[in-house]
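User: I would like the terms used for this structure set against their definitions. Please show it first.
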Amino acid sequence: MNGDLAIDVTGITKRFGHRTVVNDIPMQVRQGEIYGFLGPNGSGKTTFLRMLCGLLTPDAGSGRCLGYDIRTEAAEIKKHVGYMTQRFSFYEDLTIAENLDFVARLYGLPGRRQAVDQSLEALGLQERRDQLAGTLSGGWKQRLALAACMIHRPQVLLLDEPTAGVDPKARRDFWDEIHRLAAQGLTVLITTHYMDEAERCHRLAYIAYGNLLTRGTVDEVIQAAGLTTWEVSGLGLHATADRLRGREGVEQVVAFGNTLHISGRNPALLEASVRAGLKPEHRCDRVESRLEDVFISLMETAKDNWAK
Amino acid sequence: MSCRAFSFRRFWAVVVKEFIQMRRDRLTFGMMVGIPLMQLMIFGYAINADPKHLPTAVLAADNSPFSRSLVWALRHSDYFNIVRVAESETEIHDLLQRGEVQFVVHVPVDFEHRLLRGERPSVLLEADATDPMATGYALSALNSLIEHVFDRDLKGPLASLKARAGPAELRTHRHYNPENNTQYNIVPGLMGVVLTMTMIIITALAITRERERGTMENLLSTPARPFEVMIGKIIPYILVGYIQVFLILLAARFLFRVPMVGSLPLLLAVMLLFIAANLSVGITFSTVARNQLQAVQMAFFFFLPSILLSGFMFPFRGMPDWAQAIGEVLPLTHFLRIVRGILLKGNGVADLAPELWPLGLFVLVVLTIGIKRYRQTLD
């Protein structure tokens, strides 16, 4: 292994027909790190994860996952990686315990029964062990899926939008669990659309239309964007927003509840435009750009090379 | 207004949406057009309950003008197509055993001699009666043929022989199914039909379901290899297939009293090849079908000609050449000959060889396509 990098790949590329779905993406993830992988829908996140866990073969690029070559040692990688798919992909007509038992058999776990019991215990699913997986609510399904992809004690966990459609309480519990596991040395690569989740990651990468746009810690990503943001509050914000859009230096105007966030890369121009566009009853303050401002800005400037 | 019980606009919205979806689902649309067309072709052109031009061998031990007349008349009747002139009794037996001919017309040595003496000698017609439907019409046609076939030869002083009930007598010998029992033919054949249905539909469904529900992706992210997944999914259904066969064999033996002349272990062994043929079709379909509905439709698309063109419901030899050519490709056609051959005729491996190699070839070709496509769907 190279230092303590659990995942170390470069130039990963995947094409489907003429479409380049993942274009020359590097990724380095340290052991025990929670790495957030963000980007708009259809940006190639899932395809990238599938290449990391050996489901797809990259058209170009190379690297290692847990020290195994991703091109030639997919079989070894699969033994030490847990992959949780975007959609619930266990058997709805098997019970929770049967699902876990099936997965444990696939990995050939020694002491299978204990492993299943332990995993049920750890996730608090013991009383529900004989319930059919199909009858579980979204939150419970997600816990089951996590339990199933953790049962073989993987060193790397790949989670593809694990919290989509899960309520806030369950999401928080889920993240506490992820942090606990990471503290024990598990490396987690997770895709998400939620900003609060992105902020809970140690480091982030943002891709759009297959291209890597930025990466680093939350602060680094915000710094690198070089964005200045003003927050405006008051009445008639909708009309104000329309007025501000398209002015010099104003790159984006986004409504956040009762406030507007106006961002741009040229601070002087932006300030002049904001002040000129406001009415006396409006309050405006310069605020720290938030991750969300940065991502929306990135998303809008990214060239959509699929759309005409 | 909006609370009307029936709104044409709302109803029309649903109709339009259905048409859009129908157009998107090309396969379903193709099946909706294809299946009626196929039925039309099969029922309209291929099926014939009154099969003609049945392959016939002649063993004329008596080389007289009379037997030549008989052969000539047979040649010119619609029902018999003389494909062989046999030399010996054993040859006749082999031809029938392997199903190469449907009938053998056997003219005895002293036929002319006895006919001229007015002894009403008999012509022996040996029939492969495993499928009574295939032979019935031909037998009655031959009966009336024999009445007048010698009219031209019996002239002058011999004309008096015509006056009697008939100068010669036809004796028929129905081999393998002397009582003309249709069940003897249908019940063993049913094994093939049931296996075709179960094996194709179930395998196509089982694999498509795994993909449709997204569980396949999960399976393949574990160390499980595609081959292990495939075999693991199929084996339980093979077992189910054998249970079905076992039930049908029990019913055949004790309810329908179907004779079982041949070797049951041989039947069960050969059945594995037939099951493999159907599984390979199921696997190939599952790589094409995008959802379970399509998988069922495709299975049905294969099942229909299997039932109609294999000789299960209608005599194989009654069909035109193009339909027979399609039938020869279908695994069920060969399996029917095998199962009837073993149970009713007591065929051994050597007799079955002409049916075994097409099955083997079918498995090889279809499985290759299936595995190739299966690989593609992963990447």
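Analyst: In chain A, the centres of domain 1 and domain 2, taken over C-alpha atoms, are 39 Å apart. This is a predicted model, in which local features need pLDDT of at least 70 and side-chain atom pairs count only at pLDDT 80 or more, while totals for chains, interfaces and linings use all residues. Residues are numbered from 1 along each chain as its sequence is written, chains are lettered from A and ligands numbered from 1 in the order in which they are written.

User: What makes domain 1 and domain 2 of chain A domains, and where do they lie?
Analyst: Domain 1 covers 5-221 and domain 2 covers 228-288. They are called domains because an automatic or database domain assignment sets these bounds.

User: How many residues of chain B are in contact with chain A, and what makes a contact?
Analyst: 10 residues of chain B are in contact with 16 residues of chain A. A contact requires that the C-beta atoms, placed from the backbone, lie within 7 Å.

User: Why are β1 and β3 of chain B called paired strands?
Analyst: Strands here are DSSP runs (E, at least two residues), numbered from the N terminus. Pairing needs at least two bridges found by DSSP, and β1 (54-60) and β3 (103-107) of chain B have 5, so they pair, in the parallel sense. One of the bridges joins T56(B) to F103(B).

User: What makes β9 and β10 of chain A a pair?
Analyst: β9 (203-208) and β10 (211-216) of chain A run antiparallel with 5 bridges, and A205(A) stands opposite R215(A). In their hairpin, with 2 residues between the strands, Y209(A) has a positive phi near 50°.

Methods
Contact = placed C-beta atoms within 7 Å. Helix = DSSP H or I, 4+ residues; strand = E, 2+ residues; numbered from the N terminus.
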